[in-house]
Amino acid sequence: MSTDEPMEDVQVAQDAQENEYDLEKIKLLPGASEDGTAASFQIVDEDHTLGNALRYIIMKNPEVEFCGYSIPHPSENKLNIRIQTYGNISAVEALHQGLDNLSELCTVIEEKFSEKIEAGGYATVEP
């Protein structure tokens, strides 16, 4: 590390290396409201598996008025998601919270599943 590199830049570079962010994964689509309470996003290389789960989690947020998703065309790996909030949070914040909540939910499910597998005592079906 050189001494003329600002510390913040070094931290951002380290975070990017650790998390390997894909800056092209999620795009804000044109047509968002000026106050930020409504926006559409496009997530590339995703389908109904993420779309339905993310829509469900985002709709559980009491600050969200509407959330829906669509796959524009079956031959394109793109997921469009629209979020409208009541105004206390922005659509971007609602998306971030939804992604965080979904990630936490998946972590809990994975932990519970691993615990049960390690504990054993389950029956197997023989053909």
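Biologist: How large a share of the contacts in the protein chain with a separation of 6 or more comes from residues 24 or more positions apart?

Modeller: In this predicted model, residues 24 or more positions apart account for 49% of those contacts.

Biologist: Which elements does the protein chain hold, and in what order do they run?

Modeller: There are 3 helices and 4 strands. From the N terminus on, the order is α-β-β-α-β-β-α. Of the 127 residues, 24% are buried.

Biologist: What makes H2 roughly perpendicular to H3?

Modeller: The axes of helix H2 (residues 48–59) and helix H3 (residues 91–119) cross at roughly 110°. Angles from 65 to 115 degrees count as roughly perpendicular, and therefore H2 is called roughly perpendicular to H3. The two axes come within 9 Å.

Biologist: Which residues meet where H2 and H3 are in contact?

Modeller: From H2 come Leu50, Ala53, Leu54, Ile57 and Ile58. Their partners in H3 are Ala94, Leu95, Gly98, Leu99, Asn101, Leu102 and Leu105. By class, the residues of this contact comprise 10 nonpolar, 2 polar and no charged.

Biologist: How do you know that the buried residues of H2 line one face of the helix?

Modeller: The buried residues of H2 are Leu50, Gly51, Leu54, Ile57 and Ile58. Seen down the axis of H2, these residues fall within an arc of 140°, so they line one face. They pack against strand E2 (38–44), strand E3 (64–70), strand E4 (78–85) and H3.

Biologist: How does the span of H3 agree with what its residues should give?

Modeller: H3 has 29 residues, which should span 42 Å at 1.5 Å a residue. For H2, with 12 residues, the reach from first C-alpha to last is 16 Å, close to the 16 Å expected.

Biologist: Which residues of H3 are buried, and what covers them?

Modeller: Ala91, Ala94, Leu95, Gly98 and Leu102 are buried in H3. Their cover includes strand E1 (26–28), E2, H2, E3 and E4. Just after H3, Gly120 takes a positive phi of about 70°.

Biologist: Why does Asp45 count as exposed?

Modeller: Exposed means over 50% relative accessible area. Asp45 has 55% relative accessibility, and therefore counts as exposed. Asp45 lies in the loop between E2 and H2. Although Asp45 is not a glycine, it has a positive phi of about 60°.

Biologist: Why is Arg82 called partly exposed?

Modeller: Buried would require under 20%, and exposed over 50%. Arg82 has a relative accessible area of 26%, so the residue is partly exposed. Arg82 is placed in strand E4. Not counting residues up to four places away in sequence, Arg82 touches Gly31, Ala38, Ala39, Ser40, Phe66, Cys67 and Gly68. One of these residues, Phe66, is 16 residues from Arg82 in sequence and 7.7 Å from it in space, C-alpha to C-alpha.

Biologist: What makes Asn52 partly exposed?

Modeller: The relative accessible area of Asn52 is 39%. Asn52 is found in helix H2. The C-alpha atoms of Asn52 and Tyr69 are separated by 7.5 Å, and the two residues are 17 residues apart along the chain.

Conventions: Residues numbered from 1 in each chain as written. Predicted model: local features only at pLDDT ≥ 70, side-chain atom pairs only at ≥ 80, totals over all residues. Heavy atoms only, no water. Axes fitted to C-alpha atoms, helices over the stretch in contact; angles between N-to-C directions. Helix = DSSP H or I, 4+ residues; strand = E, 2+ residues; numbered from the N terminus. Parallel < 35°, antiparallel > 145°, perpendicular 65-115°, else oblique. Contact = heavy atoms within 4.5 Å. Nonpolar A, V, L, I, M, F, W, Y, C, P; charged D, E, K, R; others polar. Expected span 1.5 Å × (residues − 1). Buried < 20%, exposed > 50% of the residue type's maximum accessible area, 1.4 Å probe, protein only. Arc of directions from axis to C-beta.
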